[in-house]
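Open the structure in your viewer and keep the sequence panel beside it. Each stop below gives something to select and says what is there.

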Amino acid sequence: MSVVLKKTSKNRTGFTSSTRLITKSFDLGDPALMKSFSQCNVSYKTDGTGISPIVVAYKIDNNATWKSFKSDATNAYSAKNNKLVRTNNIVKTASFKFAKRSVGRKVKVKLYYNATGASSTTVNDFELIDISFTYRPLNRN
C-alpha cells in the first residue's frame, strides 16, 4: 500500500493543518476472531529533518474516540507524543505500541496534523508506504 497526497495528478501537496488520513478498518484476515494488538509499524518518507507535526492515532472496533499510541523509545522514527520524525526523503519505519489490553476484531489508523512540539510546521512530499500490525489471536469460547 502506498499513498501520496496529491491535489491533481500532476501536483503533490504537503500535509497541512486540514489533512486527515484515515485508513480502512483492518480485520487482518478474520473479522470474527478477537485479537490482542501490541504494535503498529508505519513506513513512510517525508522531507527534511527533525520532528514533524504528523501524529498517529488508532481506533479498535470503531470506538467513539481515537486513542494515542505509546511511542517506542527504541525506535528513532517514532517521536514523543506519537509524532513522526522527518526522514529527509528516505523510507523509514516508525514503531508505536498499543495501550495494554487493546483487544478487538479490527483496527483503524489515523494520521493528522498537530504542530505542537514540532520542529517545523510544514510537511512537504509526505508518502505513506505501509502500515503493519503485531497482534495475537485470542481463543474465546
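Is Phe-98 buried or exposed, and at what relative accessibility? Select Phe-98: at 5% relative accessibility, the residue counts as buried. Buried means under 20% relative accessible area, exposed means over 50%, and partly exposed lies in between (1.4 Å probe, protein chains only).

Before going on, note that this is a predicted model, where local features need pLDDT of at least 70 and side-chain atom pairs count only at pLDDT 80 or more, while totals for chains, interfaces and linings use all residues. Residues are numbered from 1 along each chain as its sequence is written, and side-chain values use heavy atoms, with hydrogens and water left out.

**Whole chain.** Colour by secondary structure. The chain has eleven strands and zero helices; helices (H or I, at least four residues) and strands (E, at least two) are DSSP runs, numbered from the N terminus. Of the 141 residues, 43% are buried.

A pair of aromatic rings is described by the distance of the centres and the angle of the planes. Rings of Phe, Tyr and Trp (its six-membered ring) pair if their centres lie within 6.5 Å; planes under 30 degrees apart count as stacked, over 60 as edge-to-face and the rest as tilted. By this rule there are ten aromatic pairs. Select Phe-26 and Phe-133: the ring centres are 5.5 Å apart and the planes stand at 55°, so this pair is tilted. Phe-26 is in the loop between strand S2 (20-22) and strand S3 (34-45), and Phe-133 is in strand S11 (residues 127-138), 107 residues apart. Both Phe-26 and Phe-133 are buried.

Phe-69 lies in the loop between strand S5 (67-68) and strand S6 (70-71), and Phe-98 in the loop between S8 and strand S9 (103-104), so the pair ties together parts 29 residues apart in sequence. Phe-69 counts as buried, at 4% relative accessibility. Ring pairs link a cluster that includes Phe-26, Phe-69, Phe-98 and Phe-133.

**Two loop residues.** Select Leu-28, in the loop between S2 and S3. Its phi is near 60°, a positive value in a residue other than glycine. Leu-28 is partly exposed, with a relative accessible area of 27%. Then select Asn-62, in the loop between strand S4 (51-60) and S5. Asn-62 is not a glycine, yet has a positive phi of about 55°. At 42% relative accessibility, Asn-62 counts as partly exposed.
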